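Colleague: I would like to go through this model and ask what stands behind the terms used for it. Please set each value against its cut-off.

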Amino acid sequence: MDWSLTPQGFTLTKPLQYRPWYHIMGNPDYGLRVSHLGDGYSTTLHEPRTAVTHYDFYSPVKGRFLYVKDGDTVWSPGYLPTKTPLDAYSSTHAPGYTRWVSRKNDVEVTFTLFVPREGTCELWLVEVANKRSVPTEVQLFPQAEFLLFPSHAVDPVYNSWYTNSRYDEARHAILPEKLLAPKSTGFFRSVTKPDGYETSLKLLCGNGDMQNPESVREGQLGSHPHSGGDPMIGAFQLDVKLGKAGTPGAKQAHVFALGLGEATLDDVVKRYPDFAAAQAELDAVTAGLAKVLHRPEMARLPEGRFTNWLGTFLPYQIRQQSLGMVRGEYRGFRDVAQDSMGLVYWDAAAARGLVNQMVTKQYANGRCLRQWHTAGGANDERDFRDLPFWTPIALAHYVDETKDASLLNDRARWFDTEELSTLLEHAVTGCEYALQIGDHGLVKMGIGDWNDALSGLGVEGGSVWLNMFAYLALEKLERLYQIAREQLGSTEVCPLPTAALRDQLYEGTMKYWNGTHFSRGITDTGIVVGAEERIFLLPQVWFALSGMALRNPQVSAIAIQTALDRLESDDGLLKCHPGFAEPDPVVGNLSTLTPGMAENFAVYNHSCAFAIEALLQVGRTDDAVRLLKKLIPFYKDHTRTRCEPYVLVNFYNGGYYEWKKGEGGIPWLTGTANWMAKIVFEQLLPKGLIPRLQ
């Protein structure tokens with residue numbers, strides 16, 4: 001096998017050119033995404049965000065690239081962009097850093113990327129060692145392309161007219177600038193005085209390209225300031241002389257820093273004057289993350305890949321998804337709610353901050369933004385009716401895990417007013433708004449529910465799953481008021497008649513039980529979706545998760561068994577079956593997705609995680625373990641999934657087209673990770689099931 005997952009992280013020993021496996025790093029100010037091949041980009045994280053470096057999402061030609069020129073041979077330790085065959089290669093993604101250790105013709109280069117604990121910057125550590133029996137000379141050319149606009153959704157050619165670069169001799173720094181308001185200044189610094197620099201991609205490549213840039217091939221950068229009109233880069237030339245192997249001069253170390261803001265550059269110059277200082281910062285980053293990602297329970301578990309994952313990439317994925325750059329330009333209300341639910345197991349303070357941020361995206365009438373734009377663009381204000389119900393569920397989850405009910409008294413503003421209300425008031429106002437029940441007995445869809453693409457039911461249509469979800473939310477809301485009375489001295493009682501409403505929701509749900517499974521919903525014209533002709537996973541398992549199964553365990557058992565019988569595949573549980581081969585206005589956008597993708601006839605992992613928790617709740621342990629092994633990434637065949645074996649993905653293709661079957665989609669970005677944490681700490685650990693997953 002060409003990869004391993006250990007307590008130290010994930011190591012790959014073969015560059016996979018058409019399967020770039022990514023890593024995410026960041027601090028509260030700055031995020032970096034990079035693949036095992038070196039392509040990637042960075043962005044600031046405070047809103048509104050700035051894309052510091054540029055990226056091509058369809059071909060890996062922009063990133064953190066290091067060219068090594070050794071005589072007539074030019075190679076890269078990350079394989080890209082030169083694609084020169086290497087004598088040895090390894091790429092390690094670990095919490096807090098990515099490192100390559102590669103060798104060509106007895107020259108070994110160790111190249112480490114990481115983001116320090118604070119500041120809008122990243123550090124590059126480069127060590128080059130001579131393994132030859134004679135002295136040698138090589139040249140190093142680190143390179144990255146800047147953008148400095150709010151997002152990648154700009155025309156880089158047009159916007160390059162408003163850019164310029166200058167070189168700061170005293171700080172050995174290239175300073176690219178976006179002159180169009182608001183002005184942005186980036187930087188690329190070499191701690192060692194460089195022997196040349198370049199700021200123009202055209203001049204770097206010359207009569208060549210990124211794989212074989214002419215100026216690198218000739219061994220001399222032109223030291224040109226940028227003048228606009230072509231992509232703006234930072235590149236340095238360092239001429240390195242190395243003694244023969246075994247001598248003190250056989251190895252050299254260099255430090256480069258890339259980021260945003262001249263004040264940050266000044267701070268970088270002071271903090272990291274040499275390799276030792278930068279290495280000390282990396283040690284502090286990794287030590288801090290090891291502490292944050294650790295849970296005492298882990299030390300008592302047997303060794304194995306699952307335990308290693310629980311101590312590294314599962315919490316790390318949750319952390320980066322919750323606090324970093326994974327969610328990109330938009331943050332969603334239900335996404336942040338679930339991010340807080342996963343993050344609370346490792347960082348309760350950060351989880352509390354997420355909940356407080358989330359409720360500020362709620363209108364005073366209880367309606368919630370679907371998503372808000374982190375770069376200052378237009379928000380998604382569509383009225384998905386599940387959104388308000390996530391607040392009491394997230395609040396209850398936090399209180400249950402931390403035993404700290406004071407969160408309920410935190411005060412936050414509303415999206416459309418400066419008035420402050422407690423988080424408990426936010427929760428009840430949201431439930432009051434969303435509990436619009438139609439004559440069909442179901443909560444009205446509005447624009448939609450958790451299943452985003454199910455858009456055809458209409459505003460007055462109803463969702464069976466929404467009834468189940470609202471049922472759980474009301475139970476949580478009632479309990480939160482009880483906790484507030486018992487622990488916080490509150491005299492308030494829940495203003496909603498929760499018991500009567502839950503009875504109504506249950507009765508409405510049972511209207512859509514056909515003896516084998518639940519329908520998915522009903523359109524505003526009275527068409528039932530998901531009756532005999534098609535089954536949807538969500539309502540079959542949420543009857544148990546909602547608590548409705550306590551009223552009728554037999555129905556729950558039949559619904560779950562039907563879901564297993566009709567939806568289980570080699571890769572997990574399909575979200576619906578059969579899929580939609582042609583657009584169907586009754587279900588809307590769901591039917592326009594390519595069959596096998598995302599929500600249309602795919603193994604959608606978030607809903608699979610719901611099913612696994614439901615199975616564990618009702619005592620079907622063997623079924624749950626079997627499905628967990630179909631979900632966990634390192635149990636998958638990466639030649640089929642084409643995805644990272646260390647992080648959860650959004651979905652696996654359902655195989656409507658056989659050649660696509662099992663292919664993974666959207667790694668790093670999925671609520672599955674948060675629900676997996678909930679399964680681990682509420683089900684697997686208490687029931688002693690971890691050894692079955694090693």
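Colleague: What makes strand β9 and strand β10 a pair?

Modeller: The model is predicted, and the pairing is read from its bridges. Two strands pair if DSSP finds at least two bridges between them. Four bridges join β9 (residues 91-94) to β10 (residues 97-104), so the two count as paired, and they run antiparallel. Within this pair, Thr-92 stands opposite Arg-99 of β10. The hairpin of β9 and β10 has two residues between the strands, and Gly-96 takes a positive phi near 105 degrees there.

Colleague: How do you know that β10 also pairs with strand β11?

Modeller: By the same rule, at least two bridges are needed. Eight bridges link β10 to β11 (residues 107-114) in the antiparallel sense, with Val-101 opposite Thr-110 of β11. These two strands form a hairpin as well, with two residues between them. Asn-105, in its turn, has a positive phi of about 50 degrees.

Colleague: Why are β32 and β34 called edge strands?

Modeller: The open sheet has three strands in the order β32-β33-β34, with antiparallel pairing. β32 (602-604) and β34 (664-667) each pair on one side only, which is what the term edge refers to. Neighbouring strands of this sheet are turned by 15 degrees against each other on average, direction ignored. Between β33 (residues 649-653) and β34 there are three bridges, and Tyr-652 stands opposite Gly-664 of β34.

Colleague: Why is Asn-308 called buried?

Modeller: Buried means under 20% relative accessible area. Asn-308 has 9% relative accessibility, so it counts as buried. Asn-308 is found in helix α6 (residues 305-311). Leaving aside neighbours within four places in sequence, Asn-308 is in contact with Leu-5, Thr-6, Pro-7 and Glu-303.

Colleague: Why is helix α7 described as largely enclosed?

Modeller: Because 10 of the 11 residues of α7 (residues 313-323) are buried, the helix is largely enclosed by the rest of the structure. The buried residues of α7 include Phe-313, Tyr-316 and Ile-318, and also Gln-317, Arg-319 and Gln-320.

Colleague: What makes the largest nonpolar core a core, and which residues have the most contacts inside it?

Modeller: Such a core is a set of buried residues of the nonpolar kinds, joined through side-chain atoms within 4.5 Å. The largest one has 211 residues, and Phe-306, Trp-309, Trp-542 and Leu-684 have the most contacts inside it. Helix α12 (residues 464-488) supplies the largest share of this core, 15 residues. Apart from this core lies another, of 15 residues, among them Leu-37, Val-216, Leu-221 and Ala-235.

Colleague: Which residues does Leu-684 touch?

Modeller: Not counting residues up to four places away in sequence, Leu-684 touches Phe-306, Leu-616, Leu-628, Ile-679, Leu-689, Ile-690 and Leu-693.

Colleague: What makes a space in this model a cavity, and how many are there of 30 Å³ or more?

Modeller: In a cavity a 1.4 Å probe fits but cannot get out. By this rule there are four cavities of 30 Å³ or more. The largest has a volume of about 90 Å³, and its lining includes Glu-145, Phe-149, Asn-159, Thr-163 and Met-232. Elements that give two or more residues to this lining are β13 (136-149) and α1 (156-159). β13 gives the most, with four residues.

Note on methods. Residues numbered from 1 in each chain as written. Predicted model: local features only at pLDDT ≥ 70, side-chain atom pairs only at ≥ 80, totals over all residues. Heavy atoms only, no water. Buried < 20%, exposed > 50% of the residue type's maximum accessible area, 1.4 Å probe, protein only. Contact = heavy atoms within 4.5 Å. Axes fitted to C-alpha atoms, helices over the stretch in contact; angles between N-to-C directions. 1 Å grid on protein atoms, 1.4 Å probe; cavity = no way out; pocket = protein on both sides within 12 Å on 5 of 7 lines; lining within 4 Å. Points joined across faces, edges and corners; volume = space filled by probe spheres on them.
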